[in-house]
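Here are a few exercises to work through with the structure open beside you. Try each task before you read its solution.

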Amino acid sequence: MQKVCWPYFDPDFDNLGERIYGPPCRVYIDNDSIQDCTVVKVNSENKQGLLLEVVQILTDMNLIITKSYISSDGGWFMDVFHVKDEHGNKLTDKSVINHIKHSIGTSRRESDFIKASEANNNLDNKSLEPPLIDHGEHTAIEMTGTDRPGLFSEIFAAFADLHCNVLEAHAWSHNARLACIAYVSDDNTHAPIDDPSRIASIEDHLSTVIRATADPASNSTHVGHKENEADGFLAGQGKGCMNSNVERRLHQLMLSVRDFDEPFCGPSSLSLLSSKLEYCDQKEKKTTIVSIGNCEERGYSIVTVNSKDRRRLMFDTICTLVDMQYVIFHAALRSDGADAFQEYFIRHIDGRALNTEGEKERVIKCLEAAIERRVCEGVKLELCAENRVGLLSDITRVLRENGLTVVRADVETQGQKSLNAFYVRDISGNKIDMEFVESVKKEMRPIHLEVKNGDTTTDTEPPATSAAPQPQPHRLSLGDILRSQIERLSLNFVPTK
């Protein structure tokens with residue numbers, strides 16, 4: 001009888017590294033070292049994009065990052081975050097702490113699986129675009145183009161004319177450019193719109209609306225829809241993670257229409273002339289300073305950013321660098337509450353540093369735009385009303401007719417309620433009269449309206465001891481108009497399922 005031999009393979013060989021060195025991603029939460037904040041430490045095998053995933057998770061939980069140290073040179077990723085909750089306190093809730101550990105670990109494993117699948121199935125696809133969640137209940141439509149006063153109103157009116165119910169929408173405007181992502185469904189069936197001919201018709205109609213601008217040189221208009229790509233979602237599925245992915249996509253859309261450049265102004269572009277004057281005024285008051293140097297010894301480019309501190313600042317900076325295909329090897333962030341300092345040691349994804357002045361200038365302008373485009377100098381209007389088809393069209397039309405232009409919008413539907421947040425400015429560029437806004441708030445009975453100052457994000461309701469605001473005869477009709485229009489159209493109310 002012939003003896004047969006073959007090598008022995010330990011079935012646990014694939015997990016040998018993890019059994020020797022520990023899991024590929026370890027998360028530590030320290031509440032003892034520092035008195036006024038919680039320290040989150042992440043040690044993991046280094047993967048491209050891991051830093052953005054971790055920052056995205058912390059951002060989605062509305063945590064405030066006050067300090068951070070990052071090192072990912074070589075094959076290992078080590079990161080330290082000093083964080084507080086949205087109220088400025090340490091993290092003491094065990095469920096929150098466990099969620100951080102689970103989310104970062106899950107994101108790390110899902111990222112490995114997704115990237116392996118993409119490597120096998122999409123060898124030629126080099127896009128860094130994060131897919132949007134579709135949820136199978138609505139269709140996502142993206143729009144970019146040249147902004148102008150009243151454009152938001154025209155877009156929402158177009159959706160109403162096309163029998164589309166807007167369930168959720170997010171839009172940014174910066175330097176006379178617009179980026180918008182809207183989630184819509186059919187207003188009769190409340191189902192997603194999947195008919196290719198109808199989708200093409202919607203895209204064509206919206207493209208016509210957005211192109212109706214006085215700027216003849218604008219060729220950056222784009223309207224498109226997103227299919228259901230939840231299987232490729234990098235940071236885990238669910239509403240909590242969708243927000244920052246939508247924001248990252250808005251950053252990419254604004255980058256695609258070059259909102260970091262000065263607004264173009266033709267000889268007859270009156271609205272764009274106003275945008276250009278506003279751009280020059282903002283440039284004079286600019287508080288964001290970006291500079292780039294080189295570390296010749298290690299082959300890094302050193303990007304330093306000094307700006308006013310605010311929430312999501314680190315997320316905006318990192319996602320811009322990643323989407324511009326730069327790799328972050330080391331980084332540091334610190335904030336004193338009012339101002340923030342960020343420093344990044346980067347190389348291009350092909351391993352080279354930023355060697356040309358043109359490339360450095362482009363990175364500087366893109367980072368400045370990424371930080372500034374989220375900041376809105378205006379008044380925030382928060383509205384809550386019974387949802388129906390055409391509600392957004394009515395509200396934005398009334399704002400436009402009374403000399404207010406929307407510079408940012410966040411719309412969400414919860415059950416049969418529509419929760420809307422609009423940042424508005426005077427259409428001529430002047431500061432909005434808060435007494436006029438307060439009079440609107442008192443007269444607006446059909447919907448709940450809360451007014452917040454865009455600079456301080458605090459309620460501007462005057463104290464009881466303050467004098468009554470003087471009426472503004474030329475603008476006092478806004479509340480009456482909005483109330484009458486909503487009451488008149490309420491008979492055609494169609495609830496959202």
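**Exercise 1.** Find how many bridges join strand β2 to strand β4, and which way the two run.

*Solution.* Step one: locate β2 at residues 38-45 and β4 at residues 76-84. Strands here are DSSP runs of E, at least two residues long, and helices are runs of H or I, at least four, numbered from the N terminus. Step two: count the bridges, and you get eight, with the strands running antiparallel. Two strands pair if DSSP finds at least two bridges between them. Step three: look for Glu-45, which stands opposite Trp-76 in β4.

A word on the model: it's predicted, so local features need pLDDT of at least 70 and side-chain atom pairs count only at pLDDT 80 or more, while totals for chains, interfaces and linings use all residues. Residues are numbered from 1 along each chain as its sequence is written, and side-chain values use heavy atoms, leaving out hydrogens and water.

**Exercise 2.** Is Ser-335 buried, partly exposed or exposed?

*Solution.* First, find Ser-335 in strand β11. Next, take its relative accessible area, 22%, which makes Ser-335 partly exposed (buried is under 20%, exposed over 50%, partly exposed in between, with a 1.4 Å probe and protein chains only). Then check its contacts: beyond neighbours within four places in sequence, Ser-335 touches Thr-66, Asp-309 and Ala-340.

**Exercise 3.** Decide how enclosed helix α10 is.

*Solution.* Go to residues 391-401 and count: eight of the 11 are buried, so α10 is largely enclosed by the rest of the structure. Among the buried ones are Leu-391, Ile-395 and Val-398. Finish at Gly-403, which follows α10 and has a positive phi, near 80°.

Methods
Contact means heavy atoms within 4.5 Å.
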